[in-house]
Amino acid sequence: MSSMGSAKVNSLSNPRTSLTLALITGTVVKKNRPPAWCDRILWMGNDVQQMCYRSHPLLKLSDHKPVSSVFQVQVSIVDVEKHRQVFDEVSREMDRLENDSIPVASLATNELVFTDVRYREEQVKTLEVSNVGQVPMQFSFVPKPHENSYCKPWLWIKPAVGFVYPNKTVKINMTVFVDTESVSMLTNSQDRLEDILIFHLEGGKDYFVSITGRFVKTCFGMSLDWLFEQNLHVREVPVADLLGGGVLEAPSVTGDAHKRVQIPKELYWLVNYISERGMETENLFLESGTRSDLTHLVEFLDTGGPGVYTGPVNVVAEALLLFLEALPEPVIPFQYYQRCMEASNQYLLCRQIIIKLPPLHQRVFMHLIKFLKQLAVHCEVNKLEHKLLATLFGTVMIRPPKDVAAKLATSKRSQASASKKASAFLYHFLVER
């Protein structure tokens, strides 16, 4: 503790009790009075020892004689070299403690490769991530700069966020699934099965995971015009012709029948198969088949074989809806969408729109309407009435452009209203004779 004190008065020369005043006249007057603060020396601190205290009567500049004192004081002397060594040791220890508090992950691999990815066929690979740090780690996949999603729409990650204790491992499933939303971009080479994922540690660093794959081309997602021009099946068309739109001749699954109605062979085959085998099938289009059955059907349409297809008719019905939904340009092109919405309550206006469609789209529309009317004839057995058929096919044949679809997605009421108008548009043609 620090101490505080005052200098002791020297009894032989006491400035507090006897002061000598020297005047200009030379007279000496002795005067007694209480000591003043200017006669004291105060100190405070540890290891302070007073050695002497004295006055200085020979100094006559003031009526107060100055006093002085000598102290012995202990002070700390810094050893510069030792101070540097201690500082370095403390810094290293602080760095070690800080590093120990940073989460650290170890990824089993930073690249996942998917081979022969087919439409609506899942492929799953597992990414193992271990916590090799000293503290629990919280991870998440984060979007790349200027992007809203942390992965492409054809990739699913589970779990995308998580918490791992030290010396523990988490398995993250990476699932590639090309659905109707993304098949068109991949089929038309506007997108590729490639992505870079950012694996982020809260309070730690980021790790990068590469996703690559090979997508097997399919007729789902191809345009009506391209399909109509080709007699080869999609898988038989060389890549150069897939990109350039060349026309090649070869036998198809429909022979020459599709040429008589002037529509793509794949669409003709789907409609014809249902017409021959499923007109009286109950809940057609409402019950889905197995994934393996659908994969087999898609393979048949893309390659033309092998053999003759004899699968369930409800799988073909499901494929028909998927085929129409996957078209990059719907049966009624995007440019006519708003007019369809506005004309949905008046048959004559709806008919005028159909008349103005591009010839191929017009033929496809009328072929589908004829098919749906035939289905409705058997409604007592298959339970497919006009309104139900209009609801099922209206939203796949009349689809909004992407910008309009994005706005509709923000309101369920707007979505319901648009779907109702699309169904009403189609309903006119189903009941009109």
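pLDDT is the predictor's confidence in each residue, from 0 to 100. The structure is a predicted model, in which local features need pLDDT of at least 70, side-chain atom pairs count only at pLDDT 80 or more, and totals for chains, interfaces and linings use all residues. Residues are numbered from 1 along each chain as its sequence is written, and side-chain values use heavy atoms, with hydrogens and water left out.

For the protein chain the mean pLDDT is 85, with 86% of the residues at 70 or more. Helices (H or I, at least four residues) and strands (E, at least two) are DSSP runs, numbered from the N terminus. Among the elements of the protein chain, the lowest mean pLDDT, 40, belongs to strand S2 (residues 19–22), and the highest, 97, to strand S13 (residues 169–176).

Helix H1 covers residues 80–100. Its 21 residues reach 30 Å from the first C-alpha to the last, close to the 30 Å expected at 1.5 Å a residue; the expected span is 1.5 Å times one less than the number of residues. At the start of H1, a side-chain oxygen of Asp79 comes to within 3.3 Å of the backbone nitrogen of Glu81.

The sheets come next. Strands of a sheet pair through backbone hydrogen bonds, either parallel or antiparallel. Here two strands count as paired if DSSP finds at least two bridges between them.

Three bridges pair S7 with S9 in the antiparallel sense, and the bridge partner of Ser106 in S9 is Ser130.

Another open sheet has five strands, ordered S8-S15-S14-S10-S12, with mixed pairing. Its edge strands, S8 (111–117) and S12 (161–164), each pair on one side only. The twist in this sheet averages 20° from one strand to the next. S8 and S15 are parallel and share five bridges; Val117 stands opposite Phe215 in S15. Strand S14 (residues 194–201) and strand S15 (residues 206–215) run antiparallel and are joined by seven bridges. In S15, Tyr207 is the bridge partner of Phe199, and Asp206 is that of His200. S14 and S15 form a hairpin with four residues between them, and in the turn Gly203 has a positive phi of about 80°. On to S10 (residues 137–142): four bridges join this strand to S14, and the two run antiparallel. Val142 stands opposite Ile198 in S14.

Some loops also have backbone features to look at. Lys158 and Pro159 are joined by a cis peptide bond, with omega about -5°. Pro159 is in the loop between S11 and S12. Asn167, a residue other than glycine, has a positive phi, near 65°, and is placed in the loop between S12 and S13.

A search of the whole structure finds 18 aromatic pairs. Rings of Phe, Tyr and Trp (its six-membered ring) pair if their centres lie within 6.5 Å; planes under 30 degrees apart count as stacked, over 60 as edge-to-face and the rest as tilted. The rings of Tyr119 and Phe220 are stacked, because their centres are 5.0 Å apart and their planes stand at 25°. This pair links distant parts of the chain, 101 residues apart: Tyr119 is in the loop between S8 and strand S9 (123–131), and Phe220 is in the loop between S15 and helix H3 (224–229).

Methods: Axes fitted to C-alpha atoms, helices over the stretch in contact; angles between N-to-C directions. Polar contact = N/O pair within 3.5 Å; in protein donor to acceptor, adjacent residues only side chain to side chain.
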